[in-house]
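Dear colleague,

I am passing on to you the structure we spoke of handing over, and the notes that follow are meant for someone who is meeting it for the first time. Please have it open as you read.

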Amino acid sequence: MAESIRDKVAVVGVGACQFGENWDRSREDMIVDAAYEAYADAGIDDPQRRIEAVFAGAVYPREGTAEIAEALKLFGKPISLVSDYCQTGTDAFRYGVFSIAAGVYDTVLVVGFDKPKDRGVSGPSVTFDRVRGLPATPAGWFSLCAARYFETFGAGREDLAKIAVKNHHNGTLAPKSMLKREITVKDVLEARIISWPFGLYDCAAQSDGAAACVLTRADLAKSFRDDPVYVKAVSIAVAEHPQRDPNFDFLGWKPTIYAAKDAYAQAGISEPFRELDVVQLHDCFTLTELLTYEDLGLCKKGEAKEHVASGTFALGGELPVNTDGGLKTFGHPTGATGVRMIYENTLQLQGRAGPRQVPGASLALSHNIGGPPTTCGIAILGR
Amino acid sequence: MTGIAAYGAYVPITRLPLSLIAGRPAKEGGPERSVADYDEDAVTMAVTAAIDCLTGVARDSVDAVYFASTSYPLREKQGAALIAKALDLRRDVLTQDHTGSLRAGAAALESALHAVTARALRAVLVVASDCRLGAPRGALEAKFGDGAVALLVTASPIARFEASFSLADELQDVWRIDGERFTHTWEDRFAIQEGYTPNLFAAVLGLLERTGRSAEDFARVALYTPDERSSGGVLKKLGFKDQQVQDPLFGRLGNTGTPFALMLLVHALESARPGDRVLVAGYGDGAHALSFEVTDAIGALAPRRAMSWHLARRRAIPSYDTYLRARGLDAKEWEAGADLGLSATIRFRERDADIAFLGARCTSCGQVHFPKPRVCAKCFAKDGWEPYRLSDRRGRLLAYTFDYFFPAAEPPTIMVMTEVDGCRVQVQMTNTRPADVALEQPVEYVFRKIHDAGGKPNYFWKASPLETSHG
């Protein structure tokens with residue numbers, strides 16, 4: 001058995017651009033905003049010399065790695081580009097972490113970005129390039145568990161609505177979120193239906209955004225800043241296609257279950273609910289957040305709705321989830337999201353999260369699930 | 001004995017020098033294509049070819065007219081009846097239009113031969129004619145030609161029908177949507193490599209096997225071909241020699257579509273001798289191959305114009321504009337490249353799943369999967385599959401959602417996960433309303449149109465509530 005990645009790599013700088021419908025901001029603008037904030041956070045003022053490689057993630061890339069090199073004016077260096085659904089940012093982070101752990105580089109930049117709002121459509125693109133598997137909309141994919149989960153555990157749209165309300169509240173406390181507006185359960189339930197049981201407020205918004213972090217060797221970390229954050233685990237798992245898997249039970253998503261098992265083993269976590277202090281999880285839809293509480297082992301299968309009702313996962317609860325408002329309020333520029341979560345968790349672990357700070361947070365998890373869904377990425381950071 | 005008793009053909013006098021399309025002056029002796037004049041269309045050409053064919057034949061003896069064309073201008077109203085009237089045939093003549101595919105000409109001929117062989121009809125006049133349009137200055141415009149052919153099928157032939165072999169295929173290589181003027185093709189190499197070549201090869205090989213003959217038994221082989229080169233490879237692989245191949249007349253006539261293979265057959269018969277065997281094959285959504293043996297009666301066939309006379313009679317049109325005017329084209333028109341719809345190559349690869357609704361059963365563990373994978377998700381055996389048809393199976397509902405976001409005529413789109421014989425299949429659901437959808441509901445599968453991407457109906461299967469009674 002190979003060694004765990006735990007404590008070999010440190011995050012010494014994080015940055016994010018303002019997320020939103022950035023009509024007046026180019027992809028270059030967003031990449032530069034995120035990366036230069038991360039440079040400054042790491043105390044790097046000569047990135048052309050200090051950054052040895054870039055690991056980028058984007059689902060709608062335009063010019064491959066060239067647009068990253070051009071934006072950051074990082075030439076003559078290796079740049080890799082990951083593109084794999086919603087865990088793209090976490091996977092780019094993983095390659096960066098591995099490159100440091102392998103001893104190939106001392107310091108690298110991870111940058112996730114996407115600009116879906118240049119496509120001229122609100123929401124995801126609708127494709128008609130095939131006849132099978134339609135409608136191939138994320139809402140349609142992620143709502144597939146709803147009917148059976150509701151029937152099995154007695155949950156309903158009201159339970160989902162409370163999650164949207166919580167995340168909207170958290171988003172009002174995050175300077176870089178797109179949506180800063182409190183909503184009510186009634187707002188959620190009365191919104192137009194997108195894909196049953198999801199109404200408009202059950203769905204993450206589409207937005208433009210970029211986030212970045214600087215990684216270095218654990219033993220060099222303190223030369224950048226006094227309070228580095230260490231990588232405890234980073235895991236990707238690909239599961240059976242839920243629309244074909246003859247054993248799929250429509251009660252939970254296998255990608256998360258697989259990746260969590262691996263990530264907890266790497267980090268040495270045996271009781272995630274007790275040991276973790278803060279969690280950013282992939283709330284592309286409210287039901288995804290509900291199921292993910294259970295799939296990550298934060299509560300027992302079928303009990304998530306009780307925890308939603310009691311506020312377990314709210315700011316001030318026992319285990320705050322999506323402290324910055326999540327995909328719900330940041331939107332989901334796909335390649336950026338995983339790195340945006342690293343950004344938030346790093347701020348939380350360093351006590352820099354302002355009014356949304358989880359007191360004394362020392363272990364933080366971030367989670368993406370993507371595809372129909374088939375793939376999950378998890379990163380665990382700690383002090 | 002059944003076969004072709006008489007033949008006729010028509011090629012318009014007007015020719016379009018291909019150099020004019022390219023904006024260069026015409027050169028005497030340069031490549032050209034036949035082009036119908038402003039007052040000609042598929043019907044006028046068909047009538048002229050039919051009259052040529054009926055030289056010396058009593059009009060009252062014709063029992064039926066089969067008219068094959070993809071460019072007959074009317075969608076509703078028969079062409080064959082109009083042609084029969086123009087030919088002053090009997091009132092009780094059986095008339096049929098054969099259309100929808102470039103092999104409609106060969107198909108009509110095969111149908112006529114079967115009808116006469118079965119003694120259901122005594123004399124069938126098969127007429128094929130096309131006046132197809134490629135977009136101005138597009139690749140097809142220079143390849144196409146206009147023309148018509150007519151063959152009389154009776155029990156007293158000059159070319160005895162030996163055998164036929166036909167097969168059907170489903171791929172989108174050449175098409176024209178209702179309301180469009182211009183023919184489209186998918187990428188040439190796909191159309192040739194996956195459509196034309198394997199279908200023609202299989203049809204001709206099937207014919208050779210059915211008759212027990214080999215390539216050298218034939219004096220001539222008249223093959224439909226979309227261009228001057230593509231038939232060569234097929235014929236070479238089947239063992240035919242260059243001198244057996246009927247000249248496809250590119251540079252003089254062009255691909256005339258539905259009548260093309262039959263026009264080449266007529267050209268071959270014009271110089272055939274008793275005892276010669278001639279093979280003809282047409283292509284389009286499959287293929288037809290037919291073989292004939294020339295009889296002694298050919299010597300007594302009344303003289304006619306047929307192909308040779310029409311090919312020799314020609315007049316080059318003076319300018320590309322003359323051609324555009326004759327066809328009612330606007331020089332500013334060009335083939336729209338924007339929305340081709342579904343990829344023809346993907347559609348081709350997935351036709352077993354999407355059209356035939358075939359899953360696969362693992363021969364190692366018995367698990368059924370849809371669509372067919374390479375490696376079994378249950379036992380991990382590789383490439384051990386037998387086809388498993390799902391279209392006549394019954395399933396049950398495991399999950400559902402109502403999608404209001406997906407564009408649909410009547411939202412929401414009901415998307416369901418079904419289980420059928422242990423296999424999970426995600427489909428849309430029809431014949432129901434959201435309020436009536438329930439977990440564990442039994443369903444059957446129905447073939448439906450999913451959308452109209454590319455302006456074409458695109459089909460797949462949907463779930464429908466299993467009807468146990470009709471109350």
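Two residues are in contact if their C-beta atoms, placed from the backbone, lie within 7 Å. With that cut-off, residues 24 or more positions apart account for 70% of the contacts in chain B with a separation of 6 or more. Please bear in mind throughout that this is a predicted model.

Staying with chain B, its secondary structure comes to 12 helices and 22 strands. Its radius of gyration is 25 Å, close to the 23 Å that the globule rule gives for 471 residues, so chain B is as compact as a globular protein of that length. The C-alpha trace of chain B spans about 75 × 55 × 45 Å along its principal axes, and buried residues make up 48% of the 471 residues in the chain.

Where the two chains meet, 31 residues of chain A are in contact with 33 residues of chain B. On the chain A side, the elements that give two or more residues are α5 (138-142), α6 (146-153) and β5 (193-195), and of these α6(A) gives the most, with 4 residues. The residues on that side of chain A divide into 16 nonpolar, 7 polar and 8 charged.

Elsewhere in chain A, helix α14 (residues 334-349) has 16 residues and reaches 24 Å from its first C-alpha to its last, close to the 22 Å expected at 1.5 Å a residue. This helix, α14(A), is mostly covered, with 16 of its 16 residues buried, and just after α14(A) the residue A:G351 takes a positive phi of about 70 degrees.

With best wishes

How values were computed:
Residues are numbered from 1 along each chain as its sequence is written. Chains are lettered from A and ligands numbered from 1 in the order in which they are written. This is a predicted model: local features need pLDDT of at least 70, side-chain atom pairs count only at pLDDT 80 or more; totals for chains, interfaces and linings use all residues. Ala, Val, Leu, Ile, Met, Phe, Trp, Tyr, Cys and Pro count as nonpolar, Asp, Glu, Lys and Arg as charged, and the others, Gly among them, as polar. The expected span of a helix is 1.5 Å times one less than its number of residues. A residue is buried if 20 or more other C-beta atoms lie within 10 Å of its own, exposed if 12 or fewer, and partly exposed in between; C-beta atoms are placed from the backbone. The radius of gyration is taken over C-alpha atoms; the globule rule is 2.2 Å times the number of residues to the power 0.38.
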